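Subject: Structure handover

Hello,

The structure is passed on to you below. My notes on it follow.

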Amino acid sequence: MSRLTSTVIILETPRLQLREFVPDDVNALARVLSDPQTMRYYPTPYDRTGVADWISRNRWRYQEEGHGLWGMVLKSSGELIGDCGLIRQMVDGVDETEIGYHVRRDYWGQGLATEAARACRDYGFANLNVERLISLIRPENLPSRRVAEKNDMKIIKEVTWRGLRHCVYGIERPKAEVQQPSDLQSCKE
Ligand SMILES: CC(C)(COP(=O)(O)OP(=O)(O)OC[C@H]1O[C@@H](n2cnc3c(N)ncnc32)[C@H](O)[C@@H]1OP(=O)(O)O)[C@@H](O)C(=O)NCCC(=O)NCCS
């Protein structure tokens, strides 16, 4: 039986498409989220039910919040190789929007997470009513910290989040450029 689902594409970068997850992505996403090495900074890797629930949760976020973690698809092959997106998180009593990312291990080190994270940052500031974006990262997760740095984020603080120490990386909404009087054409002309 095939399910009728249309592809909702959110973003494109030179090498990637970010699109909404569909239930049929469970096998491809399990190759990412069920891999013990990829998930070593998480309490446990996700089992198949956990991956299916994870997709449902993000589909709920698309409906309720207008965004979530999206599937990361390699344009050259059409393969789903990870996720990246924007999710709301309550951190220290503050309602924040986080850029999150996971990449299948055989694609690490090619700049794909950075490419997707930067696109999500720009999308977030263009489309969401937020003054800053964050990434929550375990201190020992050096590759993820590096992606945050390449996404122009700085450490704001360290928090205990869901029982584990996390660095909170953040970037503020860029200020709109103010035109100098000399740049303005006279209204009288
Ligand atoms: C974090 C993750 C998404 C990065 O994906 P990626 O596509 O390999 O990332 P990029 O290639 O864009 O950048 C990785 C950077 O980390 C660096 N890096 C890799 N291992 C490192 C290490 N042990 N110490 C320091 N830097 C490291 C790379 O050299 C690269 O930086 P560079 O471009 O300056 O050389 C991937 O490792 C992953 O899926 N990890 C597991 C899931 C996870 O932890 N997600 C984040 C949760 S907060």
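How many helices and strands does the secondary structure of the protein come to? The protein has 4 helices and 8 strands, where helices (H or I, at least four residues) and strands (E, at least two) are DSSP runs numbered from the N terminus. Along the sequence the pattern reads β-β-α-α-β-β-β-α-β-α-β-β. Taken along the principal axes, the C-alpha atoms fill a box of roughly 70 × 40 × 35 Å.

On provenance: this is a predicted model, in which local features need pLDDT of at least 70 and side-chain atom pairs count only at pLDDT 80 or more, while totals for chains, interfaces and linings use all residues. Residues are numbered from 1 along each chain as its sequence is written, and side-chain values use heavy atoms, with hydrogens and water left out.

Helix packing

Helix α1 (residues 26-33) packs on helix α2 (residues 48-65) at an angle of about 110 degrees, and their axes are 9 Å apart. Axes here are lines fitted to C-alpha atoms, for helices over the stretch in contact, with angles running from 0 to 180 degrees between N-to-C directions. The two helices are therefore roughly perpendicular (angles of 65 to 115 degrees). In contact (heavy atoms within 4.5 Å) are V26, N27, L29, A30 and L33 of α1 with R48, V51, A52, W54 and I55 of α2. By class, that contact has 8 nonpolar residues, 1 polar and 1 charged (nonpolar: Ala, Val, Leu, Ile, Met, Phe, Trp, Tyr, Cys and Pro; charged: Asp, Glu, Lys and Arg; polar: the others, Gly among them).

Ligand

Around the ligand are 21 residues (a heavy atom within 4 Å), of which G109, T114, N141, R146 and K150 come nearest. A backbone N or O atom of G109 is 2.7 Å from a ligand oxygen atom. For T114, a side-chain N or O atom lies 2.5 Å from an oxygen atom of the ligand.

Regards

Note on methods:
Angles under 35 degrees count as roughly parallel, over 145 as roughly antiparallel, 65 to 115 as roughly perpendicular and the rest as oblique. A polar contact is a pair of N or O atoms within 3.5 Å; within protein, one must be able to donate a hydrogen and the other to accept it, and residues adjacent in sequence count only if both atoms are side-chain atoms.
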